[in-house]
Amino acid sequence: MKKDLCFGPKKLYGLKMADLSVDLGFLQLQNPVIAASGTFGYGLEFSPYLDPNNLGGFVVKGLYFYPREGNPPPRLGETPCGILNSIGLQGIGVKKFVREILPQIRKYQTPIIINVCGEEDQEYVSVVEFLNQHPGISAYELNISCPNVKKNGRCPALDPQDTFSIVRAVKKVSSLPLITKLSPNVTDIVEIALSAQQAGTDALSLVNTFLAMDVDPQTRKPTLANIYGGLSGPAIKPIALRMVHQVAQNVGIPVIGMGGIMSGEDALEYLIAGARAVEVGTANFVDPESTVKIINQMKKYCEQKGIPRIESVVGSLKI
Amino acid sequence: MKDSQAEIIHKQTWNEYILLEIYSPRISSQSQPGQFLMIRINPQLHPLLRRPFSIHSTKGSRIEIFFQNSGLGTSLLSRKKIHDQLDIIGPLGKGFFLDNSLREKEVVLIGGGRGIAPLFFLAQSLRTFPCGVKIFYGGKTHKDLPLKDRLEEKRFDLYCSTDDGSYGYKGYVSELFEATFPSLNPKAVFACGPEEMMKKISHLTQQQKIPAQFSLESMMGCGIGACWGCVKRIKKKGSEEWIKICEEGPVFRSEEIVWS
């Protein structure tokens with residue numbers, strides 16, 4: 001008897017280990033925490049700090065067909081509870097990715113999601129057609145919402161027609177499930193979400209960063225060389241959460257929520273608001289072990305509250 | 001490698017310059033001159049990002065960092081007390097490149113202001129290499145040369161400059177180096193400091209065909225190669241690219257760097 005008590009929280013709390021798995025329909029995740037694109041490198045950078053097998057999944061940094069130079073520095077700024085970036089999707093391109101990175105990350109059991117980028121609709125299609133031929137990928141996340149690659153933050157996710165056209169074109173050629181990543185820089189995000197759903201996306205992830213700027217009053221210069229950048233981190237969480245709630249109430253496909261998640265409680269807020277899974281981004285910079293810590297905090301929450309399955313939390317907002 | 005809590009065991013302050021001694025046997029045993037640490041200054045959400053610090057020295061189970069109070073992060077860090085814990089990741093990045101051809105040769109280290117930080121660790125390593133080490137140390141005024149006494153105590157050959165002439169040569173440390181180096185005939189130069197200083201030394205050493213290495217400073221998002229925020233224009237195989245300072249640096253060779 002004594003031995004049992006020593007052995008664990010399950011006996012101490014008097015309930016079974018919580019089941020953190022979530023079902024996206026097209027993909028079963030062992031827990032709802034996915035490392036977000038652009039904050040987790042190509043999946044290898046974090047191996048000194050955590051075992052990627054413990055994550056719900058991870059999204060590889062955005063890939064264009066060709067290598068991409070990115071924006072000039074300064075590319076980073078720090079604002080209260082947030083960071084501003086204008087990296088400009090610098091990257092190695094799909095061919096080098098498949099040659100040098102994919103063979104190394106394929107060994108992980110956790111789902112690998114590729115963030116797909118393109119200058120035009122055709123490039124998104126080319127990236128997906130190329131990656132279709134290479135096993136080891138679980139889904140594509142369509143990045144139609146990066147604010148750092150076109151003038152004034154233009155991107156397809158700002159317009160329902162542009163969103164529809166690109167999702168439709170990629171869906172037609174994709175052999176894998178498609179997650180469409182939405183921009184918060186719109187008046188009505190539900191309209192864009194419905195457009196992506198109508199075009200056949202399997203899930204939605206939201207939100208990408210907020211188009212923002214910062215100025216140094218001493219020099220009167222913008223902090224970023226690009227002037228505008230994308231704001232992320234805890235500063236955006238309440239707005240992102242509101243958008244996730246609005247979208248989740250209006251679509252019939254899974255929603256993956258993100259924006260400023262730093263703790264298990266933050267992640268739970270998104271689930272309660274209707275997200276079936278979450279992506280963790282900026283927190284990975286602050287603490288490379290964030291994702292694993294967040295998973296453990298969510299587990300503890302379930303155990304303390306006597307919640308056997310975390311899926312029961314999804315959309316459980318009490319109004 | 002794991003991020004780790006490490007205790008401040010000694011602190012020394014000279015106006016806005018601070019030297020912290022931190023207990024970390026792991027970091028101390030793994031560090032090379034030129035590598036850096038990412039320190040989370042407080043567990044709250046502002047400032048959110050860690051801050052990068054060069055490793056100033058290692059001795060036994062301890063490491064030191066030397067920094068200037070010059071912003072929100074360093075200001076908060078400067079208020080930490082002995083026995084406070086710091087959340088540190090590292091050592092990170094690639095350090096200075098030391099090849100055997102430098103053994104028994106004369107080398108010059110040039111630090112501008114807080115740029116002296118990584119050079120003390122390097123100087124101590126080079127001395128045991130062994131190399132003849134000359135250190136050039138420049139600041140705006142004599143108050144910006146807080147480590148002068150320490151370097152003298154360690155019996156390094158020291159050449160100081162101040163912009164206002166309040167100590168040593170009056171003018172920039174790059175000018176002092178320019179006036180002095182022909183008589184020193186160094187086989188290598190290692191420098192860290194303001195961009196303009198490093199740029200000038202880079203041109204000078206390239207003209208004279210002296211190999212030079214520079215430790216670059218940048219704001220960093222993560223320090224581990226994940227955010228791509230800390231890039232510098234670097235020549236690679238004939239073309240120029242934005243290269244991550246945290247991952248492929250912070251030390252680069254003179255001929256690789258495209259100065260802005």
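Trainee: How many cavities of 30 Å³ or more does the count give?

Mentor: One. A cavity is a set of points on a 1 Å grid over the protein atoms alone where a 1.4 Å probe fits but cannot get out. The model is predicted, so local features need pLDDT of at least 70 and side-chain atom pairs pLDDT 80 or more, while totals for chains, interfaces and linings use all residues. Residues are numbered from 1 along each chain as its sequence is written, chains are lettered from A and ligands numbered from 1 in the order written, and side-chain values use heavy atoms, without hydrogens and water.

Trainee: What is the volume of the largest cavity, and which residues are closest to its centre?

Mentor: The volume is about 510 Å³, taken as the space filled by probe spheres set on the points, which are joined across faces, edges and corners. The lining has 36 residues, each with an atom within 4 Å of a point. Closest to the centre are Ser37(A), Thr39(A), Asn85(A), Asn208(A) and Thr209(A).

Trainee: How does that lining divide by class?

Mentor: The lining of the largest cavity has 16 nonpolar, 17 polar and three charged residues. Ala, Val, Leu, Ile, Met, Phe, Trp, Tyr, Cys and Pro count as nonpolar, Asp, Glu, Lys and Arg as charged, and the others, Gly among them, as polar.

Trainee: Why are α6(A) and α7(A) called oblique to each other?

Mentor: The axes of α6(A) (residues 189-198) and α7(A) (residues 237-250) cross at roughly 45° and come within 9 Å. Under 35 degrees is roughly parallel, over 145 roughly antiparallel, 65 to 115 roughly perpendicular and the rest oblique. α6(A) and α7(A) are therefore oblique.

Trainee: What makes up the contact between α6(A) and α7(A)?

Mentor: Ile189(A), Val190(A), Ala193(A) and Leu194(A) of α6(A) make it with Met243(A), Gln246(A), Val247(A) and Asn250(A) of α7(A); contact means heavy atoms within 4.5 Å. By class, these are six nonpolar, two polar and no charged residues.

Trainee: What word describes the angle between α8(A) and α10(A), and why?

Mentor: α8(A) (residues 264-272) and α10(A) (residues 290-305) pack at about 65°, with axes 8 Å apart. They are therefore roughly perpendicular to each other.

Trainee: Which residues meet there?

Mentor: Gly264(A), Ala267(A), Leu268(A), Leu271(A) and Ile272(A) in α8(A) meet Ile294(A), Gln297(A), Met298(A) and Tyr301(A) in α10(A). The contact of α8(A) with α10(A) has seven nonpolar, two polar and no charged residues.

Terms used:
On a 1 Å grid over the protein atoms alone, a cavity is a set of points where a 1.4 Å probe fits but cannot get out, and a pocket is an open set with protein on both sides within 12 Å along at least five of seven lines; lining residues have an atom within 4 Å of a point. Axes are lines fitted to C-alpha atoms, for helices over the stretch in contact, and angles run from 0 to 180 degrees between N-to-C directions. Helices (H or I, at least four residues) and strands (E, at least two) are DSSP runs, numbered from the N terminus.
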